[in-house]
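Hi,

Here is the structure you asked about. Have a look first, and then read my notes below.

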Amino acid sequence: MNSALPISRRELIASALALPLLAESLAHPLKIVVAGGHPGDPECGCAGTIARYTALGHNVVLLYLNRGEGFCGGASLSRCADIRTAEAEKACQVLKARALFGGQYDGRAIVDPPHYDDFARVLAAESPDLVFTHWPIDRHRDHRAVSMLTLDAWLKAGKRFALYYYEVAEDTMMFSPGDYVDISLVESRRRAACYAHASQQPDKWYPKQVEITRFRGGESGLQQAEAFVRHPESKIGLLP
Ligand SMILES: [Zn+2]
């Protein structure tokens, strides 16, 4: 819980409107995993959707493939894992989610049989109802890697959980979404989660992310939206 967090009037109204649904949802809370390459990726692509899920009483885990060992602003590389782990924990606190780390190393993602098995074990232990991961066509190797690891785990699990893909600013390519989540009323929480990653200089990329969600909002008749691609063979997951 984050009682110290400022809540805007609009968010309070939104929470009040969500109450009947919240009561309904708590009877059968969903487990949702949002897998990303680095600390900050799940937040970048899905923070608004995550905030909406947790407001409804669902359980969300942010699964980071690595701890961001490769870059943390001006600090020494030897400190990056600690700094960025702390930032990820803070972002998860903002979103009322839980952080989980996949044990790989930033910039050196390995996609081979033992790592497919490791990742599948990590996901299976969470028993997710729905998993979000990076869209696979992406500029960054780590993003492509986690997308492949997730797809393999989904196949191995007999497509038991719903599988959706998300986009991240400047890296995702060739993305044509078909599902939209209204994040207009949770913008302040999304921003706070992204700005928890202070070492990543969010002023440089957060405005771009807002451009994307405004554009996706325009596509779907909303003020701001996060957009997703459902794997065509995936069952339809419950989006908030
Ligand atoms: Zn990344």
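Let's start with the metal. The zinc ion takes its protein donors from His 38 (ND1), Asp 41 (OD), Asp 41 (OD) and His 143 (NE2), which lie 2.0 to 2.6 Å from it. Donors here are N, O and S atoms within 2.8 Å of the metal (3.2 Å for Na, K and Ca), and since water is not among the atoms, sites may look incomplete. Along the sequence the spacing of the donor residues is H-x2-D-x101-H. His 38 sits in the loop between β1 (31-36) and α2 (41-55) and His 143 in helix α5 (residues 141-156), so this pair ties together parts 105 residues apart in sequence. (Helices are DSSP runs of H or I with at least four residues, strands are E runs of at least two, and both are numbered from the N terminus.)

Before going on, the ground rules: this is a predicted model, where local features need pLDDT of at least 70 and side-chain atom pairs count only at pLDDT 80 or more, while totals for chains, interfaces and linings use all residues. Residues are numbered from 1 along each chain as its sequence is written, and side-chain values use heavy atoms, with hydrogens and water left out.

Both histidines are in the buried class (under 20% relative accessible area; exposed is over 50%, partly exposed in between; 1.4 Å probe, protein chains only): His 38 has 8% and His 143 has 2%.

Next, the cysteines. The whole structure has one disulfide, defined as a pair of cysteine sulfur atoms within 2.5 Å. Cys 72 and Cys 80 form it, with their sulfurs 2.0 Å apart. The torsion about their S-S bond is about -75°, so the disulfide is left-handed. Cys 44 is in no disulfide, and its nearest cysteine sulfur, in Cys 194, is 5.7 Å away.

Finally, the charged pairs. How many salt bridges are there? The count is nine, taking a side-chain nitrogen of Lys or Arg within 4 Å of a carboxyl oxygen of Asp or Glu. One of them joins Lys 31 and Glu 126 at 2.7 Å, N to O. Lys 31 lies in strand β1 and Glu 126 in helix α4 (residues 113-126), so the pair ties together parts 95 residues apart in sequence. Lys 31 is buried at 17%, and Glu 126 is buried at 10%. Lys 31, Arg 98 and Glu 126 are linked in a salt-bridge network. Another salt bridge pairs Glu 167 with Arg 216, with the closest N and O atoms 2.7 Å apart, and both residues are buried.

Cheers
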